[in-house]
Amino acid sequence: MIWFRSILYWLLVVLITPLFTLIAIAILPLPPITRNRIIRLWSVILLKWLHITCGLKFKVEGAENIPAEPMMIMCKHQSAWETMALQLIFPPQVWVMKRELLKMPFFGWALATTSPIAIDRGQRAQAQRQLMEQGKDRLAKGLWIVIFPEGTRIKPGERGQYKQGGARLAKDLNVPIVPVAMNSGEFWPKNSFLKWPGEITVRIGAPIRPEDKNSLALMQEVEGWIEGQMEEITGRGPCYKKA
C-alpha cells in the first residue's frame, strides 16, 4: 500500500513540474516576491497531495516567532520535504545552495527563476563575497534567506558539522537568524521513493541576533538551539533507527 500511495504522489510530481517550469520562465519579468508567491503554488499542491495520497501531514510549533521583516532561516535538513514546506511556513524566500542544483532538468531550471544564491563551494573566497553581495540584495528586496548550516541532508538521529559561512553572513549583514528544527527524515528519508504516513514536527525558535557575538559564538548558539530541539522531537517517525 505504501508503494502504491508513493507512486500516486510521484505521478503528480512528474505531471506538474514541467508545467510550473514553463510558468516560472514566463513570469520572469515580474518582481521577485511576486514570482515567489506564484511558484510556491507548486509546493502547496504537492504538500496537499502528499497528505491525501501518503497520509503525511505536519504541524508547526513556534509560528509566533516569525517576525514581519525578512531575516535569515537556519534549518535542520533531513529531507527534500522541507524545501517545499518552508515556502508555506515562511514569507517569500531564497535559498543558499550549491550551483550544481540549477542544472537539474525542470526543477533546477525553475529554481533558477526564484533568485537563489547559488555558490560554487570549490571557490570559498568567491562564494563568501557572493553570499554578501547577493544576500544584501535579496534582503533589500524583502526576501528571506534560507541556509541549511550542515550543508547537506542528515539522517535522523545524526548530527552534521555546522559551518560558519551563514553566521558570518548574518554578522556582515547584521540580520537575525531564525532557527528551525524538524524531523522530516523520519517520514521522508533521504533519496527515498517511499513516503510514510504520520505527522512531521516543525519547531521555530525566536530570532537569534548577531550583535555582541563573533561568528563562532553565533553559530554555536544556533546549533545548540536546533540540536536541543531535535533531542525532543527525534524518534517519532517510522523511519527512525536508533543507533
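Serine 115 sits in the loop between helix H5 (107-112) and strand S4 (117-119). The model is predicted. Serine 115 counts as buried, because its relative accessibility is 15% and the cut-off for buried is under 20%. A search of the whole structure also turns up one cavity of 30 Å³ or more.

**Serine 115 and its surroundings**
- The side chain of serine 115 makes a polar contact with the side chain of arginine 35, at 3.0 Å.
- Neighbours within four places in sequence are set aside here; beyond them, serine 115 is in contact with Pro32, Arg35, Val94 and Arg138.

**The largest cavity**
- The volume of the largest cavity is about 250 Å³.
- Its lining is made up of 18 residues, and the closest to the centre are Ile39, Gln87, Trp95, Leu111 and Thr114.
- Four elements each supply at least two lining residues: helix H1 (2-26), helix H2 (32-39), strand S3 (93-98) and H5.
- S3 gives the most to this lining, with four residues.
- Sorted by class, the lining of the largest cavity has eleven nonpolar, six polar and one charged residues.

**The second largest pocket**
- The second largest pocket holds about 310 Å³ of space.
- It is lined by 14 residues, and Lys155, Pro156, Cys239, Tyr240 and Lys241 are the closest to its centre.
- The lining of the second largest pocket has seven nonpolar, three polar and four charged residues.

Key. Residues numbered from 1 in each chain as written. Predicted model: local features only at pLDDT ≥ 70, side-chain atom pairs only at ≥ 80, totals over all residues. Heavy atoms only, no water. 1 Å grid on protein atoms, 1.4 Å probe; cavity = no way out; pocket = protein on both sides within 12 Å on 5 of 7 lines; lining within 4 Å. Points joined across faces, edges and corners; volume = space filled by probe spheres on them. Nonpolar A, V, L, I, M, F, W, Y, C, P; charged D, E, K, R; others polar. Buried < 20%, exposed > 50% of the residue type's maximum accessible area, 1.4 Å probe, protein only. Polar contact = N/O pair within 3.5 Å; in protein donor to acceptor, adjacent residues only side chain to side chain. Contact = heavy atoms within 4.5 Å.
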